[in-house]
Amino acid sequence: MNNDEKVILIQKKIVDFIRHAALERVRLHSRLDNFTLVDKNADCQAGQILGNWMSLILVSGDSLRITLKLHFCHTDIKQIAYPIYGKQSPEELSDQQTLDFVKELCNLTAGYLVQIFEDNNLHIGISLPLCTRGFYEIFSDYKSSSYPIIKYNDIWSLEYEDINIMGSVIIEILDTPPLEPILTYEIPEDEDDDDDEEMDFL
């Protein structure tokens with residue numbers, strides 16, 4: 001395997017990790033196992049407005065930087081989150097509670113990624129999750145590059161019935177050799193869902 005092939009495989013592996021983390025954590029956080037992840041790269045353009053609101057979090061280390069954004073509207077989140085808050089209907093949930101729900105989903109997804117990379121001896125930290133209006137997505141820089149930093153993006157949606165949470169990701173590989181161990185890493189089927197594991201915040 002030459003170096004170019006190795007880089008392509010590393011890029012794909014990171015995408016697979018992120019998608020897996022997002023799907024597993026939305027199922028866990030919403031308590032809805034029927035969520036699915038749908039590829040949207042052919043339907044959406046990176047940088048376009050994908051929702052009224054978005055939550056974002058940064059996962060970063062010496063060799064890798066990931067910016068994860070979840071795009072949503074309040075009405076969708078209220079439909080899945082109201083039972084978790086002990087409410088009787090979506091209308092009882094406040095907008096602030098929906099923002100908190102998606103921020104925590106970002107946090108859980110990033111925490112899952114930290115566990116995966118720690119399993120491969122890669123020290124990664126995460127920022128605190130933020131929420132802002134989806135309009136500001138137009139100012140994001142999704143331009144791809146191959147040198148000196150490998151930069152690319154991915155777009156997908158988390159879907160349950162008529163509910164849609166869009167995900168957009170900017171991935172930046174800063175140093176390839178330390179990432180090579182992930183090429184042979186497979187996520188264990190009997191994953192530990194303990195989210196209380198200590199994490200470093202950026």
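**Entry 1. Helix 2 against helix 3**

I began with helix 2 (residues 74-81) and helix 3, whose axes cross at roughly 80 degrees and come within 9 Å. I took axes as lines fitted to C-alpha atoms, for helices over the stretch in contact, with angles running from 0 to 180 degrees between N-to-C directions. Helix 2 is therefore roughly perpendicular to helix 3. The classes are roughly parallel under 35 degrees, roughly antiparallel over 145, roughly perpendicular from 65 to 115, and oblique for the rest. Helices (H or I, at least four residues) and strands (E, at least two) are DSSP runs, numbered from the N terminus.

I noted that the model is a predicted one, in which local features need pLDDT of at least 70 and side-chain atom pairs count only at pLDDT 80 or more, while totals for chains, interfaces and linings use all residues. Residues are numbered from 1 along each chain as its sequence is written, and side-chain values use heavy atoms, with hydrogens and water left out.

I then listed the residues in contact (heavy atoms within 4.5 Å). Helix 2 contributes His-74, Ile-77, Lys-78, Ile-80 and Ala-81, and helix 3 contributes Asp-95, Thr-98, Leu-99, Phe-101 and Val-102. By class, 6 of these residues are nonpolar, 2 polar and 2 charged. Here Ala, Val, Leu, Ile, Met, Phe, Trp, Tyr, Cys and Pro count as nonpolar, Asp, Glu, Lys and Arg as charged, and the others, Gly among them, as polar.

**Entry 2. Burial of helix 2**

I looked up how far helix 2 is covered, and found 6 of its 8 residues buried. Buried means under 20% relative accessible area, exposed over 50%, and partly exposed in between (1.4 Å probe, protein chains only). The buried residues are His-74, Asp-76, Ile-77, Lys-78, Ile-80 and Ala-81. Their cover includes helix 1, helix 3, strand 2 (53-61), strand 3 (64-72), strand 6 (150-160) and strand 7 (163-173).

I examined Lys-78 of helix 2 separately. Lys-78 has a relative accessible area of 16% and is therefore buried. Apart from neighbours within four places in sequence, Lys-78 is in contact with Pro-90, Leu-93, Ser-94, Asp-95 and Thr-98. Its C-alpha atom is separated by 8.2 Å from that of Ser-94, 16 residues apart along the chain.

**Entry 3. Helix 1 against helix 3**

I next took helix 1 (residues 3-30) and helix 3 (residues 95-119), which pack with their axes 9 Å apart at an angle of about 130 degrees. The two are therefore oblique to each other.

On the helix 1 side I recorded Phe-17, Ile-18, His-20, Ala-21, Ala-22, Glu-24, Arg-25, Val-26, His-29 and Ser-30. They meet Phe-101, Glu-104, Leu-105, Leu-108, Thr-109, Tyr-112, Leu-113, Gln-115, Ile-116 and Phe-117 in helix 3. This contact has 12 nonpolar, 5 polar and 3 charged residues.

I followed the loop between helix 3 and strand 4 (124-126), where Leu-122 is placed. Leu-122 counts as buried because its relative accessibility is 6%. Neighbours within four places aside, Leu-122 is in contact with Ser-63, Phe-117, Pro-178, Leu-179 and Ile-182. Asn-121 is found in the loop between helix 3 and strand 4 too, but at 73% relative accessibility Asn-121 counts as exposed. Its phi is near 60 degrees, a positive value in a residue other than glycine.

**Entry 4. Other loop residues**

A cis peptide bond, with omega about -5 degrees, joins Tyr-147 and Pro-148; Pro-148 lies in the loop between strand 5 (130-133) and strand 6.

**Entry 5. Whole chain**

The protein has 3 helices and 7 strands, in the order α-β-β-β-α-α-β-β-β-β along the sequence. Of its 202 residues, 48% count as buried. The C-alpha atoms fill a box of roughly 55 × 35 × 30 Å along the principal axes.
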